[in-house]
Amino acid sequence: MIDPPRLQVESGQAVLSGHWTLAAMLPELAALRQQLNVAGEEARRWDLSRLERLDSAAAVLLWRTWRNAWPAALDISPLHRQVLERVADLPPTLPAGAPPRFNPVEVLGSQVLRLLAHARGMVALFGQVLLDLVYLVRHPREFPLRELSANIYKAGAQALPVTALVGFLIGVTLSYLSALQLRSLGADVFIVNILGISIIRELGPVLVAVMVAGRSGSAMTAQIGVMRVTEEIDALSVMGVSRSQRVALPKIIGLTLAMPLIVLWTSAVALLGGMLAAMLQLDLSLHYFIESLPRTVPVANVYIGLGKGVVFGFVVALVACHFGLRVRPDTESLSTNTTRSVVTAITSVILVDALFAIFTRHLGVPTL
Amino acid sequence: MNPPPVIELRGIGTRFGSQVIHRDIDLRVDSGQILALVGGSGSGKTTLLREILGLLQPSAGSVHLFGVDLADPDSGRQRATRRRLGMLFQQGALYSALSVFDNIAFPLRELRCLDEDWIRRLVHLKLGMVELAPADGNLMPAELSGGMVKRVALARALALEPELLLLDEPTAGLDPERSKQFVALIAALQQALGLTVMMVTHDLETLSKLATHVAALAEQRLIACGPKAEVMASDHPFIREFFANDGWKTALMAAHGK
């Protein structure tokens, strides 16, 4: 149906016929290019008058065969000459994209500057949220209660099953591994101290923070990011609704309120798992475990755990909102910022946890 | 032997659940025609276009492009057919993570047999065709104005030099001056490349400047299809209503003494 592109060279004259289009050339492109190269060496005259179609891809190919110059003798219809003329009119040196440069000092410098810019952005967002809070205290009717409750439900209530499952399994694992060591020392009863302190004070809050950063933090960044892409954020501003007040504030307050509750829940379930494992492994009765827990673990640990929950929730939501608002309207930026949001949230949580460990080192440590 | 029609719809029916969109639509577009598909909002124009593109499967009937059934199980032939058509989406649908240059180069690179120099020259040819400067190739889609997005999308649709160009609302979102320029650009390219064009449009000016044939969708059917003058002369109430809007434009022009 479509005549394939054909090329014949006879005594210094190259004759082209058929459809010289990209689609028609594709099946035998390599062979055709080879033929053209040979023809480019030998032919003096080019007869293109029998061409049925010539598209710009084929024209570029011919032009390159002719080494970017018109051949000495050329037979061609005016229509096809136009196609070739367009190729001939291209500037000889075409601007390519900026060449990639790699300069370690520059890379390091830009990384540091970016880090500082993020820190500044987060402080600015925090300040904005504080200002919004002051405003909302003075205008309590404008408080975004619906958004707040939706956020507490999504980031809090819906996270309970998965955090419980993970908490339970961690409790069982920790208890089982400790029991093996403790039994060889004959120190079975210390399982209560180990599980109590480690879960309530450290593992519960950090575990929950990591899970929530992956679950809710990424969701918040992606949601705000898509709102940026679809210009919903701009629509909010146009209607005179502050984006930090309606979008960021409910998320940050919501997670700050919900996180200590999830921490309490997860620590409780983890302790339950540890208790059950201890009962099966060390024959430690549940009654004894529950009775000795308040004696061995000072109540300050619970407050520290809950305090960590508040701070971690705030950090995760602040980081998520900051990166969400930085998304530029393209898909690449959305994925980069969501990744950065989760990585930064988890790193900051661990960092803050270290600060907690240093500043609370004299609190809640049991005296033996 | 006559070449097969570029687009041929046979007995197309579409329904979403219990909602019937199309009933028994037959349509034929021959090589070199510029067909405008018109119809009220929600009459299923874009749906029909998506069925021609193979993005949606019609509930009944078949779509043939260049004589090849879209439901042809041979994936190689399917791909070859798809390379022969270019589509200009209403919002451009540019790949937002790629620069303008890479957007236009994308379909060329997908062939995996063109070298970079060849691709670079072709991309710059296409940029020239849609009247964009070579330096615009370095811009990202987010930095473009609405008119430029359309131009880049058109350049991308033309990258493989298709025989069939499908346009969804080509002038929507452009100001009258821009839209006039864009229509002239499409008309010039159609002439130069010998394209067959099918477009969905609301804009009467685009239609009157560009189309040679008109198909009108209403009441789930194709109520008229044929050369522009014939369809415009039809006395179906929808068509009279649709083209009657032109009345005030003529009146306005007369008032301005043009």
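## Two loop residues of chain B

Glu131(B) has its place in the loop between α4 and α5 (146-157) of chain B. The model in which this residue is described is a predicted one. The phi angle of Glu131(B) is near 60°, which is a positive value in a residue other than glycine. Is Glu131(B) buried or exposed? Glu131(B) counts as exposed because it has 12 C-beta neighbours inside 10 Å, and a residue is classed as exposed if 12 or fewer such atoms are present.

A second residue of chain B may be described in the same terms. Gln220(B) is found in the loop between β9 (213-218) and β10 (221-227) of chain B. The phi angle of Gln220(B) is near 70°, again a positive value in a residue other than glycine. Gln220(B) has 17 other C-beta atoms within 10 Å and is therefore partly exposed.

## Confidence of the prediction

The model scores ipTM 0.70 and pTM 0.69. In chain B the mean pLDDT is 81, and 93% of the residues of this chain reach 70 or more. Where in chain B is confidence lowest, and where is it highest? It is lowest in helix α10 (residues 246-255) of chain B, with a mean of 53, and highest in strand β8 (residues 196-200) of chain B, at 89. Where pLDDT is low, the predicted coordinates should not be read in detail.

## The sheet of chain B

Chain B contains an open sheet of four strands in the order β2-β1-β4-β5, with antiparallel pairing. The edge strands are β2 and β5 (68-69) of chain B, each of which pairs on one side only. Strands of a sheet pair through backbone hydrogen bonds, either parallel or antiparallel.

Strand β1 (residues 7-16) of chain B is joined to strand β2 (residues 19-29) of chain B by seven bridges, and the two run antiparallel. They form a hairpin with two residues between them, and Gly17(B) in the turn has a positive phi of about 60°. Five bridges join β1(B) to strand β4 (residues 60-65) of chain B, and this pair also runs antiparallel. Which residues stand opposite Leu9(B)? Leu27(B) stands opposite Leu9(B) in β2(B), while Val63(B) stands opposite it in β4(B). Another such pair is that of Gly13(B) with Ala60(B) in β4(B). Helix α1 (residues 45-53) of chain B lies across β1, β2 and β4 of chain B and runs at about 120° to β1(B).

## The fold of chain A

The secondary structure of chain A consists of 13 helices and four strands. Of the 368 residues in chain A, 34% are buried. Among the contacts of chain A with a separation of 6 or more, 86% join residues 24 or more positions apart.

An open sheet of four strands in chain A has the order β1-β2-β3-β4, with mixed pairing. Strands β1 (6-10) and β4 (73-75) of chain A form the edges, each pairing on one side only. Direction ignored, neighbouring strands of this sheet are turned by 15° against each other on average. Strands β2(A) and β3(A) run parallel and are joined by seven bridges; Val15(A) stands opposite Asp47(A) in β3(A).

## Helices of chain A

How many residues of helix α3 (residues 56-65) of chain A are buried? Eight of its ten residues are buried, so that the helix is mostly covered. Among them are Ala57(A), Val60(A), Leu61(A) and Leu62(A). The buried residues of α3(A) pack against β2 (13-20), α1 (22-25), α2 (29-42), β3 (45-54) and α4 (78-88) of chain A, together with α4 of chain B. Arg67(A), which follows α3(A), has a positive phi near 55°.

The axes of helix α7 (residues 160-185) and helix α10 (residues 243-282) of chain A come within 7 Å and cross at roughly 40°. The crossing of α7(A) past α10(A) is right-handed. The residues of this contact divide into 19 nonpolar, eight polar and one charged.

## The contact between the chains

The contact takes 21 residues from chain B and 20 residues from chain A. Which element of chain B gives the most to the side that touches chain A? It is helix α4 (residues 116-129) of chain B, with six residues. By class, this side of chain B has 13 nonpolar, three polar and five charged residues.

Conventions. Residues are numbered from 1 along each chain as its sequence is written. Chains are lettered from A and ligands numbered from 1 in the order in which they are written. This is a predicted model: local features need pLDDT of at least 70, side-chain atom pairs count only at pLDDT 80 or more; totals for chains, interfaces and linings use all residues. pLDDT is the predictor's confidence in each residue, from 0 to 100. Two residues are in contact if their C-beta atoms, placed from the backbone, lie within 7 Å. Ala, Val, Leu, Ile, Met, Phe, Trp, Tyr, Cys and Pro count as nonpolar, Asp, Glu, Lys and Arg as charged, and the others, Gly among them, as polar. A residue is buried if 20 or more other C-beta atoms lie within 10 Å of its own, exposed if 12 or fewer, and partly exposed in between; C-beta atoms are placed from the backbone. Axes are lines fitted to C-alpha atoms, for helices over the stretch in contact, and angles run from 0 to 180 degrees between N-to-C directions. A crossing is left-handed if the near helix is turned anticlockwise from the far one by less than a right angle, and right-handed if clockwise. Two strands pair if DSSP finds at least two bridges between them.
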